[in-house]
Amino acid sequence: MGRWTLDGVGKLSQTALGRVFTAHERPFEQIDFAALAITQLGADTEQRHIGILYKGESDGGVLMLHLAWHYKLKSEPPESTYAWIRPPIPRPRSRQVAAFCRMILKENPNGIPYAFSPASDSLDKQSGKFSNGSGGYGLTCTTFVLAVFDATGLPLAQYNTWPSNRQEDERWREHIIGLLERSGAEPEHIQKVRAERDAIRYRPEEVAGAAACTMIPAHFNDAYELAGQIVAKLQNTGCVTW
Amino acid sequence: MNKNALMYNSGEELSGKQLYQRSFTNRLRGDVQPNIGRIQQAGAESYRESYLAGAQVCMEYRRAGIAGLPNDIKTDVLYFLVAEYKLSRHGWLIFHISSVTDSSPSPVKLRSISTPEAVRRTETFLDRARRLDNAGNTDAALDLLYENVNGKLSLGRFKDVDSVLETTEPMSLSVDLMLGLLTSTLPARTKLPSRSTFFQKSEAAIRDRNEWEDGLLTGLEN
């Protein structure tokens with residue numbers, strides 16, 4: 001596996017995906033205790049989905065905890081169309097992430113709303129419970145992942161390095177708001193989501209890229225460079241979920 | 001009847017504070033008062049709780065090696081009917097007493113009480129987590145630890161959690177449980193003055209045991 005050396009700010013002279021695996025390359029059972037999982041969604045080459053793999057309590061089987069959609073927090077066996085990323089954290093810390101995942105699942109029996117709020121505003125770091133009163137309206141699949149690692153003292157990203165107001169993100173937000181409307185989300189919630197249209201977007205592949213860096217929290221430039229490689233790997237290896 | 005009051009001396013109703021005050025002046029003092037401090041440390045939230053738990057049957061039970069949770073407790077001067085027990089970090093404590101009189105039908109010294117129930121050793125949540133961990137059920141141990149710490153912190157019982165950090169010797173825990181305590185207390189670190197020392201002791205213990213690796217405690221500092 002390559003070792004990062006920085007050649008100027010944000011420029012990586014050596015890149016490698018040494019901790020990114022398809023399920024065929026390495027079965028999910030080889031995660032330490034927690035890892036990230038990412039897939040491309042259908043033919044839409046611009047849309048990815050991300051979640052957290054964690055080892056279950058009873059039989060040691062691997063489950064994926066992810067925010068699938070509005071109030072759809074799921075814990076289920078991962079499909080083989082996901083690639084997984086081993087974050088650069090010691091194995092015992094990975095075990096704490098898995099424990100926190102179990103607590104989140106227990107504390108949020110009704111799921112978590114989907115919105116563009118910053119991770120730090122929506123998930124109570126103590127209990128893992130979604131907290132509507134703290135200013136956050138909900139999370140995306142990606143900010144959910146960020147929130148979990150953040151709460152366990154393992155922030156994946158240097159948040160202040162992420163760009164805001166990217167044009168393609170604006171289109172994505174409109175698309176999501178349209179989906180929320182069509183899926184019958186509460187009008188009050190949609191109104192709140194609209195008010196968050198300036199929120200910074202963390203794309204699934206960028207957070208996967210952050211976790212694939214040798215050090216966290218990762219700078220945006222490093223995560224972005226690896227994100228491109230991860231997307232290419234998803235497409236080249238058939239990691240597409242329909 | 002006021003739910004926060006107790007029947008005392010065959011029908012006299014007293015508030016929690018009155019009970020506490022009376023414990024300083026009446027003849028029951030010798031039985032009750034020495035234990036109030038310990039119960040307050042265990043997290044009693046009211047005078048009434050302190051007074052009730054002041055009967056200290058469970059502490060006495062532990063000291064005497066007697067197990068079991070009796071519904072009626074007789075001392076040489078008091079007669080309690082216990083409605084509910086709760087588990088604290090010091091063991092089982094009387095949480096609710098349905099009646100108290102000072103006319104014990106058959107006066108018996110507290111320490112001489114015995115029960116036929118099977119021995120049930122009281123243990124704190126950390127004792128139990130350690131036991132589970134030692135038995136190879138580390139995930140269950142961590143779940144228990146997170147649930148308990150979160151439960152206490154959610155209720156604002158910072159002193160309780162801080163006391164666990166203050167009195168627990170990291171060397172007696174596995175790395176997983178040390179990290180569990182540090183991770184679950186991370187969001188409340190500014191309200192837990194003993195956490196910083198626990199962190200330092202944990203690092204020393206891990207290094208001592210040659211289990212140290214880079215990044216093991218990164219992000220968990222105070």
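Modeller: Two strands count as paired if DSSP finds at least two bridges between them. The model we discuss is predicted.

Biologist: What makes β3(A) and β4(A) a pair, and in which sense do they run?

Modeller: Strand β3 (residues 48-55) of chain A is joined to β4(A) by four bridges. The cut-off is at least two, so the strands pair, and the sense is antiparallel. Within β4(A), Leu63(A) is the residue opposite Tyr54(A).

Biologist: How many bridges join β4(A) to strand β5 of chain A?

Modeller: Five, and β4(A) and β5(A) (residues 72-76) run antiparallel. Leu67(A) has Leu73(A) in β5(A) as its bridge partner. The two strands form a hairpin, with two residues between them. Tyr71(A) sits in that turn, and its phi is positive, about 60°.

Biologist: Why is strand β4 of chain A called largely enclosed by the rest of the structure?

Modeller: A residue is buried if 20 or more other C-beta atoms lie within 10 Å of its own. Six of the eight residues of β4(A) (residues 62-69) are buried, so the rest of the structure largely encloses this strand. For chain A as a whole, buried residues make up 45% of 242.

Biologist: Which elements does chain A contain, and how do they run from the N terminus on?

Modeller: Chain A has seven helices and seven strands. The order is β-β-β-β-β-β-α-α-α-α-α-α-α-β. Among its contacts between residues at least 6 apart in sequence, 69% join residues at least 24 apart.

Biologist: Now chain B. Why are α6(B) and α8(B) called roughly parallel?

Modeller: Their axes cross at roughly 25°. Angles under 35 degrees count as roughly parallel, and therefore α6(B) and α8(B) are roughly parallel to each other. The axes come within 10 Å, and the crossing is right-handed.

Biologist: Which residues make the contact?

Modeller: From α6(B), they include Leu142(B), Leu145(B) and Val149(B). From α8(B), they include Leu177(B), Gly180(B) and Leu181(B). The residues of this contact divide into seven nonpolar, four polar and one charged.

Biologist: How many residues of chain B are in contact with chain A?

Modeller: 21 residues of chain B, against 16 of chain A. Both α6 (138-154) and α8 (175-184) of chain B supply at least two residues to that side of chain B. Eight residues, the largest share, come from α6(B).

Biologist: How do the residues of that side of chain B divide?

Modeller: 11 are nonpolar, six polar and four charged.

Note on methods. Residues numbered from 1 in each chain as written. Chains lettered and ligands numbered in written order. Predicted model: local features only at pLDDT ≥ 70, side-chain atom pairs only at ≥ 80, totals over all residues. Contact = placed C-beta atoms within 7 Å. Nonpolar A, V, L, I, M, F, W, Y, C, P; charged D, E, K, R; others polar. Buried ≥ 20, exposed ≤ 12 C-beta atoms within 10 Å, placed from the backbone. Axes fitted to C-alpha atoms, helices over the stretch in contact; angles between N-to-C directions. Parallel < 35°, antiparallel > 145°, perpendicular 65-115°, else oblique. Left-handed = near helix turned anticlockwise from the far one by under 90°.
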